[in-house]
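Subject: Structure handover: pockets and cavities

Hello,

I am passing on the structure we spoke of, shown below.

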Amino acid sequence: MRSSRIEPVLFNTFNAIFMIILVIVTLYPFLNTIVVSLNAGNDTIRGGIYLWPRQWTLQNYKAVFASGTIYDAFWISVARTVLSTVLNIFLTTMLSYTLSRKEYVFRKPITVIFVLTMYFSAGLIPGYFLIKDLHLLNSFWVYIFPSMISAFNMIVIRTYIGTIPDSLVESAKIDGAGDFKIFLRIIFPLCTPVLATIALFVAVGAWNSWFDAFLYTSSRQELSTLQYELMKLLSSSMNSNSNPNVAAGAGMTQESAVSMVTPLSIRAAVTIVASVPILVVYPFLQKYFVVGLNVGSVKE
């Protein structure tokens, strides 16, 4: 009888301690990055910065936003993220609904074809020539078209649609509704939890992507994305740090050059600038995240 009273206390105590440690381990790297981004670059080199800056400064953020191209690149990234997310969610859900219908005779071979794309790829060079042949080089649409359909997302959404009772679809057909109307009025609204989860995945991937900008649109500055501009800034800061005379020749003293372009402090500022938009969006989707991923992962 006594042990039955002690066990809940021990469990709750252990659970509380474990969760506190987990929160500390999760939050500390991000908090430390914020602190480093607000600390003077030349002082950051000394180390020993944990949860409070030794020398407060905004020079790292000024260095990030010093280039006027950052603002244009930001809006390109926003447009790319929004369009990629909306089109991926809508088209992938349409495909998932089609492949979830048991009366569709080609659903199994088409599903196999999509699954194979998850394991086999033509490679970087054939992919580049494909983009070139499609006349998408140096075009904004090179960010959108290749990401409109995702095989993994299709499988997750199709599995979720499989949990929706067939009676809803059958009753709608009896009332004279067609497949497209059923999809828009019944299937799409009922898939909100899993779609919110997938939307977060797609948005984060589109927002953080920079390699395709480097590969396909590097010759057009007006199509550069925020992540690509931040990557170039970080690379230039590392080069300037290795050769402070370059920065000094541009009108700054060697001391101020080192302070402004220290790779560690600039990297911290770049990380915060790149993370904040996603952190702002996440709370609006978080309530759907666990439900959508758990239900969408149930096997048929």
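The largest pocket has a volume of about 380 Å³. Its lining is made up of 17 residues, and Arg80, Tyr143, Pro146, Ser147 and Asp212 are the closest to the centre of the pocket. Please keep in mind that this is a predicted model.

Three helices each supply at least two residues of that lining: H4 (69–100), H10 (192–208) and H11 (211–216). The largest share comes from H10, with four residues. By type, the lining of the largest pocket holds eight nonpolar residues, seven polar ones and two charged ones.

The space in the largest cavity comes to about 30 Å³.

Ser77, Arg80, Thr81, Ala206, Trp207, Ser209, Thr225 and Gln227 line the largest cavity. Helices H4 and H10 each supply at least two residues of this lining. Here H4 gives the most, with three residues, whereas in the largest pocket the largest share is that of H10. The lining of the largest cavity divides into five polar residues, two nonpolar and one charged.

One residue to look at in the viewer is Arg80: it is among the residues closest to the centre of the largest pocket, and Arg80 also lines the largest cavity.

Regards

Notes:
Residues numbered from 1 in each chain as written. Predicted model: local features only at pLDDT ≥ 70, side-chain atom pairs only at ≥ 80, totals over all residues. Heavy atoms only, no water. 1 Å grid on protein atoms, 1.4 Å probe; cavity = no way out; pocket = protein on both sides within 12 Å on 5 of 7 lines; lining within 4 Å. Points joined across faces, edges and corners; volume = space filled by probe spheres on them. Nonpolar A, V, L, I, M, F, W, Y, C, P; charged D, E, K, R; others polar.
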